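Keep the sequence and the model side by side. The tour below moves from the overall fold to single side chains.

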Amino acid sequence: MSLAILLFAHGARDPAWSAPFEAVAERLRQAAPEVAVELAYLEFMLPTLAQAGERLAAQACTEVSVVPLFLGAGGHVRKDIPELLAEL
């Protein structure tokens, strides 16, 4: 599998907070079974962006689209995400 989508959400201390994002990831998997789909979190939850990237690399994914799942364009979106993507 060479194509992948990496969903990237904020994360929270409450584990139930991730349910809507897990649902989005599962719907993508069902809609496009030929595409690897991983969900990663910026903070508080796992996997991290780097861990999800490693999972995709282990699946031989060579083309990864990162889709931020943030509701606003705050500091994380403008500053943290570009830095993390550069590291990835």
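What follows starts with the fold and ends with a few individual residues.

This is a predicted model, in which local features need pLDDT of at least 70 and side-chain atom pairs count only at pLDDT 80 or more, while totals for chains, interfaces and linings use all residues. Residues are numbered from 1 along each chain as its sequence is written, and side-chain values use heavy atoms, with hydrogens and water left out.

The protein chain has three helices and three strands. Helices (H or I, at least four residues) and strands (E, at least two) are DSSP runs, numbered from the N terminus. Along the sequence they follow the pattern β-α-β-α-β-α. The C-alpha trace spans about 35 × 30 × 20 Å along its principal axes. A compact globule of 88 residues would have a radius of gyration near 12 Å; the protein chain has 13 Å, which agrees. That radius is taken over C-alpha atoms, and the globule rule is 2.2 Å times the number of residues to the power 0.38.

Now the contacts. Contact means heavy atoms within 4.5 Å. Among contacts between residues at least 6 apart in sequence, 70% join residues at least 24 apart.

Next, burial. Buried means under 20% relative accessible area, exposed over 50%, and partly exposed in between (1.4 Å probe, protein chains only). By that count, 33% of the 88 residues are buried.

Where do the buried nonpolar residues gather? In soluble globular proteins, nonpolar side chains tend to be buried together. A nonpolar core is a set of buried Ala, Val, Leu, Ile, Met, Phe, Trp, Tyr and Cys residues joined through side-chain atoms within 4.5 Å. The largest here has 12 residues in all, among them L6, F8, A40, A52, L56 and F70. β1, β2 and α2 each supply at least two residues of this core. A second, separate core has nine residues, including L7, A9, V37 and L39.

Look at helix α2 (residues 49-58). L49, A52, G53 and L56 are buried there. Seen down the axis of α2, its buried residues fall within an arc of 100°, so they line one face of the helix. The arc is that of the directions from the helix axis to the C-beta atoms. An α-helix has 3.6 residues a turn, so residues three or four places apart point the same way. E54 and A58 are exposed on the other side of α2. The buried residues of α2 pack against β1, β2 (36-41), β3 and α3. Just after the helix, A60 takes a positive phi of about 65°.

Which charged-type residue deserves a stop? E38 is buried, with a relative accessible area of 11%. Its side chain makes a polar contact with the side chain of R55 (3.3 Å). A polar contact is a pair of N or O atoms within 3.5 Å; within protein, one must be able to donate a hydrogen and the other to accept it, and residues adjacent in sequence count only if both atoms are side-chain atoms. Leaving aside neighbours within four places in sequence, E38 also touches I5, L6, L7, R29, A52, L56 and Q59.

Turn to the rings. The structure holds two aromatic pairs. Rings of Phe, Tyr and Trp (its six-membered ring) pair if their centres lie within 6.5 Å; planes under 30 degrees apart count as stacked, over 60 as edge-to-face and the rest as tilted. F8 and F70 form an edge-to-face pair, 6.0 Å centre to centre with 65° between the planes. F8 lies in strand β1 (residues 3-9) and F70 in the loop between β3 (63-68) and α3 (75-87), so the pair ties together parts that are 62 residues apart in sequence. Both F8 and F70 are buried. The rings of W17 and F21 have centres 4.5 Å apart and planes at 35°, so this pair is tilted. W17 is partly exposed at 30% relative accessibility, whereas F21 is buried at 16%.

One last stop is S18, in the loop between β1 and α1 (19-31). S18 counts as buried at 11% relative accessibility. Not counting residues up to four places away in sequence, S18 touches Y41 and M45.
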